[in-house]
Structure formats: C-alpha cells, structure tokens
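Trainee: I am new to this structure and would be grateful for a guided reading. May I put my questions to you one at a time?

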Amino acid sequence: MKTRVANEWLVFAVLLAVLLLAAPNALSPFRLNLLGKFLALAILALGIDLIWGYTGILSLGHGVFFGLGGYCMAMYLKLAVGTAGTYMVALPDFMVWNGLKALPWFWKPMYHFWIAIPLAVLLPALCGAIFGFLTFRSRVQGVYFSIITQAMALVASLLLIGQQPYTGGTNGITDFNDILGFPIAAKKTQTGLYIVTVLCLAACYVLCRWIVRSKFGRVLAAIRDAENRVRFLAYDTVMFKVFVFSISAALAGLAGALFVPQVGIISPSNIGVVPSIEMAIWVAVGGRGTLSGAVLGAVLVNAAKSAFSESFPDFWLYFLGLLFIGVVLFFPEGCVGIFLRARERFRRPAKKSPGAELKSEMEKPVPQRAGGVSR
Amino acid sequence: MAESIIYLEGVTVSFEGFKALNNLNFIVDRGELRVVIGPNGAGKTTLLDVICGKVRPVEGRVIFGDMTDICSLREHEIARLGIGRKFQTPSIFKNLTVFENLDLAARDKSKGVLSTLFAAPSPVKREAIFSTLETIGLASKASQTAGSLSHGEKQWLEIGMVIMQDPKLMLIDEPVAGMTGKETERTGELLQSIAGERSLLVIEHDMVFVRQIAKKVTVLHEGSVLCEGSMETVQSDARVKEIYLGREAREHGGN
C-alpha cells in the first residue's frame, strides 16, 4: 500500500518536471500553446470527474461555469486594451459598434486583475452552489438533472448571443493586447501562461485527490451507490452534493480563465450545449472515477480533435460521437480502466480476472482507493 | 406503563387515494423488541417509512422519545435523533469495503461536509468497528468490497451499520429474507441481544423467526392495528387467523 502511494507521487513528480522543464524547450511555441490549452481543459475535466465519476451525477452544463470563468478573464483582458483598440476609445470595440456610450456597471470591476481573477473562480462556485441547492434540494436526480444542466447551457449561450452590446454576442470577446502589462501574444508571455496552467493543474489535482481520499470522498461514493441509505445514516446529502458541485464549477471557472489568454477568444460556441457534452466525453474516454483518467481524457480527446480538425475538419463530430459510443459500450472505465485491467492481468496471470466486478458497471467505475484497512 | 420510544397517533398515509396507513395508533415502549406482522399491503413497510421520515403522513402525529414530533423533520435529522433503519432489500455501499461501510455508519458528533473533509481516523472508532465486525461475523471480510458479499452477509452488514449508528430505536425490515435456517437463527439471537438497551421494531414474514424472537406482536391489516399481544394471543385471535395465519395455512395446505 505504502509503496503504491509512493509510486504514484513519483509518477506525479516526474510528469510535473517533464511538463515544466522539458516541454517548453522541446515543443514549438504553437504546440506548447496547444498543450497549455489542453491542460487548462484538464482542470475542468477534474471537476467533472468529481461530480460525475465520484458522485455519480452527470452534469451536461459545465460549459456555463467554464464560460463564467472565461468571460471574467476576457472582460479584464478587453478592458486592459484601453484606448489602444480599433476606435481609440476606452470602450471595448463591440460596445462601440453596438452603440453603447458608457461601460455597463458589471464591467467596471473587471478593470482590476485581482478582482477579475478571483471572480472567475468564485462566481462559478457561487452559481454552482445556488443551482445545486435548488435542484438537489428538490431531489432532482439522474437523467432529469442532466437535462436541466443541458437546458442551463442552452439558456446561457442564448443569453450571451442575445445581449450582444454587453457580451460581444456570437463573436464573443477577442482581440486582446496585454495581460498584467505583458504583451499577450509574445512567446515569453505564452510560456509563462503555460507554466501557470501546469502549476494550477497540479494544485487542483492534489486538491481533488485530497478530497476523494478523505472521508468526504467516501460519502460521495456512498451517495453514488445508495443515496437514500446515506440520508438514513444522518448525512445531509444535499449539502454534500452542493459542495462538490460548487467545487466542480469553480474548477471549470479556473479552466476558463486559463483558457482565454492562451487561445485569445471566448465565445458562446465554447460554452453551449455541444461543448458541454464534449466535456463529459473527455472524462468518459479517460476514465471516470480516476483523477488521472480525467486529465488524460481531456488531453487525449482534445489532441485528437486538433489533429483531426487539421486534416478532416468535417468529420470531427462524427468521430467524437463514435468514440463516445465505443467507450460507453466497450470500455466503460475508459483508458485508465483498460490500463488497470491490463496491469492486473499482467501481474497475476494465473488468477481469474476481475471481470465479475467490472462487468455491467456502467453507472460507476471502480475507484482506486487507499482504503481504511490494511490487508 | 413504561415510557414510550415511539408513539404514532392517528397517522394516515395516502398514496393517490389508497390509504396505506389508516388512522393508525401504535406505541413501542423503551427497550422493547416488537415484531409487526401482517399480510402484504397491510402497511408494515409504510409504518417504518413514516417513522424514519421517508414518507410523510397526511394526518396524525409521530412522537419520538419524550416530546419530539418528527413529522416535520428531514431524514438525516431523524437519523441524528437516534432512529436507525435497515431496509428490506439490503442497502449497502457496494463499492466501499465492509469496513468503510461501517465507518460511514458510525455515530459521530458531526456528519457535516467540513467534518468529513477533515476527519482523522480514530483508534476508538476503529475498535468499535472491529467489535461490530465480530458481532456480525464479518471480521475476516473487513477489506472486501461490500458488493462481493453474499446476500445473507449483506443483510448482516446492514444490521451492523444500524448498530454502528448507535440508535435508540432500530427499525428492521425483513432481516432474514433470503437467509438459510442457521443464519436466521443467528440473526434472531443477534437481535435479541441488542434489545433492552435499545428498542427494536422488526417486520418479518418468517413465522418460525417471529416465534423465536417475539414477545409482543402487532398485527397490521389494511393500515390499522388489528390485534396486539403475545404470540399465543395473536395466534388464537379469530380475525388474525382469518386474514393472515389462516390464509398462510391455506397456502401451505395448497402446496
């Protein structure tokens, strides 16, 4: 048990070193920027895994929380352009051509980096908590919850598109110059953003790992297995679900805030129904109920998306759909599940495979746990 | 008369017009082991559902202990007062180990979000869990996942979880369903050893088992108490014979 945990941290340290030291030197600025984007999305995947993989609640609306974080960052970056924009006025370009004369009130705090960035995390956390409280309190469960989150994503994207003078509409917010005074497109700035993203991902991974290994994490697993039972054991399951949903939303917000300066744009097409579903697919492909699976899935699927979109832009969505169906039907535990199973077989070739446990486990994966008891 | 642990007064539960409980009056004394029997649809499980807060009565009061009306409380609040429930079909956390199942069930000062996030393993609790594991005969399977247990073992695990809750009143729904004769007997002994310091309310179909453990039996019929008393009293009651035991006898005769 001890050595396995030690091994895990060793892998973690090596990966971190590779990402921090080797990647910036080995990859071209273009590839490094792409990797930075994938790793930002991996933070969001961790959040989805907490709520879906560990608690069994499928959210198909995490694009909204991602968007809240992303738009906070984009508003800051847009205001940081100042009078250097196309129209030489202190108002964002899209407000000028939409006929706004003054900055709307909710834009004003975003002048300050140290307000915009905490908001990028706290706002989604708060919205997640309120949304979670209202739905979980009235015992909305299973597929009904997923449908409501889906509706939330649709409403959010429609709202953004409809309120063009305030949000930039379909085009979203783009054309940034500086972040904290550094030119945003410069190689050094982008490398810096990449490093910050890696560090944030590492911190979020450690946070999530701590959560799922705590007694709280076992309550989450219990909720996934038999929520009623948990209630009758004197746990207020509503508060547990609200808390984990809120954390999950905060991680999505952070991902959005890191995504925007590296990609240079945020628009409703990043946060609506389809992207929200895609986010769940990353986690399904990587492996629900394992944190490494969430990270792996986000990077793999997005890397595949980049590769595919470069060569066959029209076929990406079909491929994604096939991938999802394939994973759900044949590898419900995703890539990490395949790996763990292969390792199991390799280690104990004589013993019978853990097939009995793994079979028909669509609803949930087998999480790797430290366990409360030593063997 | 001894103090009551649970007292239902004029309780009616209605499912879309069907009255699962009909103006039910029902009392269990402190430290008592009460068995509730009755034909299917008599309202036995609904009675437990009302007491643990799963179902809310449309009329009547449910008084726990001295004066607490639990009708307006939510499930986890009722559980915190000291009412534990074992369900009819074993309801356990199949992906957690047997030990972890009991650990989650164990009574704690706080079962909130923060206290579980920062919970540290406690040797005292560990001790208590292993003692319960001995009691329910699952000590050797502590680190197995609960999903891998046999049906009877799952039943015991759930009883163990209720014991770990350290409740004042235990609601036990069909504890020996699917158990072998020997397992049934052991379960009976276990329940009898628990009664006394705690109060038990047991629902059971297995008449052999009921005879083994019951001192006082309540017969429910169509949502109300039909008859109450010792096993002999109940068995000799003509109405009971007609609606329940008689029918059972006919069924057995028919086989």
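Trainee: How many residues of chain B are in contact with chain A?

Mentor: This is a predicted model, and two residues count as in contact when their C-beta atoms, placed from the backbone, lie within 7 Å. On that basis, 26 residues of chain A meet chain B, and the number on the side of chain B is 27.

Trainee: Which helix supplies the largest share of the side of chain B that touches chain A?

Mentor: Helix H2 (75-81), helix H3 (98-105) and helix H4 (113-117) of chain B each contribute at least two residues to that side. The largest share, five residues, belongs to H3(B).

Trainee: What is the radius of gyration of chain B, and what does the globule rule give?

Mentor: Chain B contains 10 helices and 10 strands. For its 255 residues the globule rule gives 18 Å, and the computed value is close to this, so chain B is as compact as a globular protein of that length. The radius of gyration is 19 Å, against 18 Å from the rule.

Trainee: What percentage of the contacts in chain B with a separation of 6 or more joins residues 24 or more positions apart?

Mentor: The C-alpha trace of chain B spans about 55 × 40 × 35 Å along its principal axes, and 47% of the residues in chain B are buried. Among contacts with a separation of 6 or more, the share from residues 24 or more positions apart is 68%.

Trainee: Which strands stand at the edges of the four-stranded open sheet in chain B?

Mentor: The strands of this sheet follow the order E2-E1-E4-E5 in chain B, with antiparallel pairing. A strand at the edge has a single partner, so one of its sides is left without a neighbour in the sheet. The edge strands are E2 (18-29) and E5 (68-69) of chain B.

Trainee: Which residue of E5(B) is the bridge partner of B:Ile63?

Mentor: Strand E1 (residues 4-15) and strand E4 (residues 59-64) of chain B run antiparallel and are joined by five bridges; there B:Thr12 is partnered by B:Glu59, and B:Tyr7 by B:Ile63. Two bridges join E4(B) to E5(B), again antiparallel, and in the hairpin of these two strands B:Gly65 has a positive phi near 65 degrees. In E5(B), the partner of B:Ile63 is B:Asp69.

Trainee: In chain A, how far apart are the end C-alpha atoms of helix H11 (residues 273-286)?

Mentor: H11 of chain A has 14 residues, which at 1.5 Å a residue should span 20 Å.

Methods: Residues are numbered from 1 along each chain as its sequence is written. Chains are lettered from A and ligands numbered from 1 in the order in which they are written. This is a predicted model: local features need pLDDT of at least 70, side-chain atom pairs count only at pLDDT 80 or more; totals for chains, interfaces and linings use all residues. The expected span of a helix is 1.5 Å times one less than its number of residues. Two strands pair if DSSP finds at least two bridges between them. The radius of gyration is taken over C-alpha atoms; the globule rule is 2.2 Å times the number of residues to the power 0.38. A residue is buried if 20 or more other C-beta atoms lie within 10 Å of its own, exposed if 12 or fewer, and partly exposed in between; C-beta atoms are placed from the backbone.
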